[in-house]
Amino acid sequence: MSEKKKVIVELFLDENNQDDSLDLISFVSEPAIEKDFVFYNKEKETIKFKATNEDKRLVTGPVLVPNQEILRLDAQGNPWFAVMSEETILQARELFAKYGQQQATNYQHETKLRDVTVVESWIVTDPNNDKSNALGFTDIPEGTWFVTYKVDNDELWSAVKTGKALGFSIEGMFSRRVLEMSSEVKEDILYDEIQKVLNDSELSDDVKFDKLKKIL
């Protein structure tokens, strides 16, 4: 056995750093925050809300959740966890609107998209009475950032309906500071398993991410 450190790093937007920014929100199959979005569909019985016409193609979901640990890997394949504060999430939302990024989006962080627009954006201030409850979201903490997209792009809408696109992920530049480096004793075999997954060229990135979540 060997002693490993669990590293928790806070991501934040430094007003004095001109490189810091939130560039866009991506539609992805594996949302890092592990909370899928939902699309307005009168036939989707599991979502308790007043349905709108599916032809409007509205997609709602959380973009960022405060203080939630998000698994990341450094260049050597060592795991660390990123978190964001409520203050940073609020700042990110404000900058996103200020610089007109409502139509800046892509699919799987690769394919740029047109005809996809943010039509609603809000921060959860009262989790017990937030509109997200009516859309089927549960256990949403205060400070979570939600958006609603209008998806007029046929290819993306098909990905949403077929479950290929399940949530949101952000792209941007953030400053970092280490919040915690706590001692954790783990078996060396655990890290051997991580390296084995990372080095398996036959696995897709999505499969690798899913396997790493299970290991960690």
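Trainee: What does "buried" mean for a residue in this predicted model?

Mentor: Buried means under 20% relative accessible area, whereas exposed means over 50%. The model is a predicted one. In helix α1, the buried residues are Thr88, Ile89, Gln91, Ala92 and Phe96.

Trainee: Why are the buried residues of α1 said to line one face of the helix?

Mentor: Viewed down the axis of α1, the buried residues fall within an arc of 160°, so they line one face. The face turned away from that buried side carries Glu87 and Lys98, both exposed.

Trainee: How do you know that the span of α1 agrees with its number of residues?

Mentor: Helix α1 covers residues 86-98, which is 13 residues. The expected span is 1.5 Å times one less than the number of residues, and therefore should be 18 Å; the end C-alpha atoms are 18 Å apart, so the two agree. After α1 comes Gly100, with a positive phi near 60°.

Trainee: What puts the buried residues of α3 on the same side of that helix?

Mentor: In α3, residues 154-161, the buried residues are Leu156, Trp157, Ala159 and Val160. They cover an arc of only 155° around the axis, which puts them on the same side of α3. Asp154 and Glu155 are exposed on the other side.

Trainee: Why is Asp23 counted as partly exposed?

Mentor: Its relative accessibility is 34%. Partly exposed lies between the cut-offs of under 20% for buried and over 50% for exposed, so Asp23 belongs to that class. Asp23 is located in strand β2, residues 21-28. The C-alpha atoms of Asp23 and Gln102 are separated by 10.0 Å, although these residues stand 79 apart along the chain.

Trainee: What makes a set of residues a nonpolar core, and which members touch the most others in the largest one?

Mentor: The members are buried nonpolar residues joined through side-chain atoms within 4.5 Å. In the largest nonpolar core, of 33 residues, Phe27, Trp145 and Tyr149 touch the most other members. A second, separate core has 6 residues, among them Trp122, Val124, Phe137 and Phe146.

Trainee: Which residues line the second largest pocket, and how do they divide by type?

Mentor: This pocket holds about 380 Å³ of space. Its lining has 21 residues, and Leu11, Arg72, Met84, Ile170 and Phe174 lie nearest its centre. The lining divides into 15 nonpolar, 3 polar and 3 charged residues. Strands β4, β5, β6 and β11 each supply at least two of the lining residues, with the largest share, 6 residues, coming from β11.

How values were computed
Residues are numbered from 1 along each chain as its sequence is written. This is a predicted model: local features need pLDDT of at least 70, side-chain atom pairs count only at pLDDT 80 or more; totals for chains, interfaces and linings use all residues. Side-chain values use heavy atoms; hydrogens and water are left out. On a 1 Å grid over the protein atoms alone, a cavity is a set of points where a 1.4 Å probe fits but cannot get out, and a pocket is an open set with protein on both sides within 12 Å along at least five of seven lines; lining residues have an atom within 4 Å of a point. Grid points are joined across faces, edges and corners, and a volume is the space filled by probe spheres set on the points. Helices (H or I, at least four residues) and strands (E, at least two) are DSSP runs, numbered from the N terminus. Ala, Val, Leu, Ile, Met, Phe, Trp, Tyr, Cys and Pro count as nonpolar, Asp, Glu, Lys and Arg as charged, and the others, Gly among them, as polar. Buried means under 20% relative accessible area, exposed over 50%, partly exposed in between (1.4 Å probe, protein chains only). The arc is that of the directions from the helix axis to the C-beta atoms.
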